[in-house]
Amino acid sequence: MYLDGNSIGAMPADAAARVERVMLDGWRDARRRGWNRYDWLEKPWRMGEGLAHILGAGSGDVIFCDNTTINLYKILGYAWQLDRARPVIVTEALNFPTDTYVAEGLTRFAGGGASVRRIDKPAELDAALGRDVGVLYLSYVDYRTSRRWNMAEVNDLARSRGVLTLWDCSHAAGAVSVDLAGTGADFAVGCGYKYLCGGPGAPAWLYVHPRHQERAWPVIAGWMGHADVFAFAPTYEPLRGVKREDLEWKHRSLSELTIALLEQECGRFGVSVTSPRKYDEQGGHIGFSHPGAGSVCEALLEHGVVSSFRKPDVVRFGVSPVAISHEDVWIAVSRLRRVLESEVWRDPRFKKVSV
């Protein structure tokens, strides 16, 4: 029962054959000619167009490239430079670590009074968006509790204050509804290996609203971002632009079943659901706390259930609507109850907690 907090999604049925085809037909046989024969140069745009509907984005507004951290840096830097008179970046104190690190690094490099203002809870957001704030930088879904922001309301609030929004949708895209264009989001970034099932080393994606695509130079001006790649020009000219399968119904049903079963079967053994109860406030996974969470996670592995542990006391069940069935959820919770009821998790061999 693979219910990891979706640190890596399920492998598509034809992925192995596709990789073999790239290795043999593309690399071994075509080599340099593969760039034209297999449209490798166009893949970042084609992938963006193919998955734009999952993100609620328009065609041509999403591109797949690099990894999440690099894309966060590129987009946060791009957004920040659009109004240097408002140099403050607002984010959550307990945002995903890489998001916070990127913001801290940017402020050290950018100068110009750049700084990070952290909020401890959603209720503090309104007061934090002062006239010195240029960018609001949030994770759409909390990676621990799975709490989901109301993107439309936040975007409206930020717009009313003249603040740009940047969303990290890594723990949402491919599981819960994302509507970047419809809610007026300015920028967004996400990984490709979680609910989008891109596999190890899969590229991340970035989204830029059309109103911002031509406002400034990219933060990293490289060869593949040149307007004419093969002109080999001595100076840089930016390329123009950034050159939903409805799964939400199933994800809602899986999430509601998971919460109900956790409370019904395991509540008496110390399990407490930490994710929001309202579906519209939930992300891709369901989190629950237990005093022995790390050891419970290890014991579940021995019982055939892959979950994930986050300090200090949270276990995450990732409910991917693509790969998980309702029967899977029932079996997983049944095995969790067995681990808790027997107290096998207290065995010393489960003390060492893996990643």
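This note walks through a predicted model, point by point.

1. Ground rules. Local features need pLDDT of at least 70, and side-chain atom pairs count only at pLDDT 80 or more, while totals for chains, interfaces and linings use all residues. Residues are numbered from 1 along each chain as its sequence is written, and side-chain values use heavy atoms, with hydrogens and water left out.

2. Four strands form an open sheet in the order 8-9-11-10, with antiparallel pairing. Strand 8 (272-273) and strand 10 (308-310) stand at the edges, each with a single partner strand, so one side of each lacks a neighbour in the sheet. Strands here are DSSP E runs of at least two residues; helices are H or I runs of at least four, and both are numbered from the N terminus. Two strands pair if DSSP finds at least two bridges between them.

3. Strand 9 (residues 285-289) pairs with strand 11 (residues 314-318) over five bridges, in the antiparallel sense. Which residue of strand 11 is the bridge partner of His285? Gly318 is.

4. Helices across the strands. Helix 9 (residues 248-266) lies across strands 8, 9 and 11, at about 15 degrees to strand 9. Helix 10 (residues 293-302) lies across strands 10 and 11, at about 170 degrees to strand 10. Angles run from 0 to 180 degrees between N-to-C directions, with axes fitted to C-alpha atoms, for helices over the stretch in contact.

5. A parallel pair. Strand 2 (residues 88-92) and strand 3 (residues 115-119) pair in the parallel sense over five bridges. Glu92 has Ile119 as its bridge partner in strand 3.

6. The whole structure holds 20 salt bridges (a Lys or Arg side-chain nitrogen within 4 Å of an Asp or Glu carboxyl oxygen). In one of them, Arg147 meets Glu92, with the closest N and O atoms 2.8 Å apart. Arg147 sits in the loop between strand 4 (133-139) and helix 7 (151-160), and Glu92 in strand 2, so the pair ties together parts 55 residues apart in sequence. Both residues are buried (under 20% relative accessible area; exposed is over 50%, partly exposed in between, with a 1.4 Å probe and protein chains only).

7. A pair within one helix. Arg337 and Glu341 form a salt bridge at 3.5 Å, N to O. They are four residues apart in helix 11 (residues 326-342), so about one helical turn separates them. Arg337 is partly exposed at 22%. Glu341 is also partly exposed, at 47%.

Terms used:
Contact = heavy atoms within 4.5 Å.
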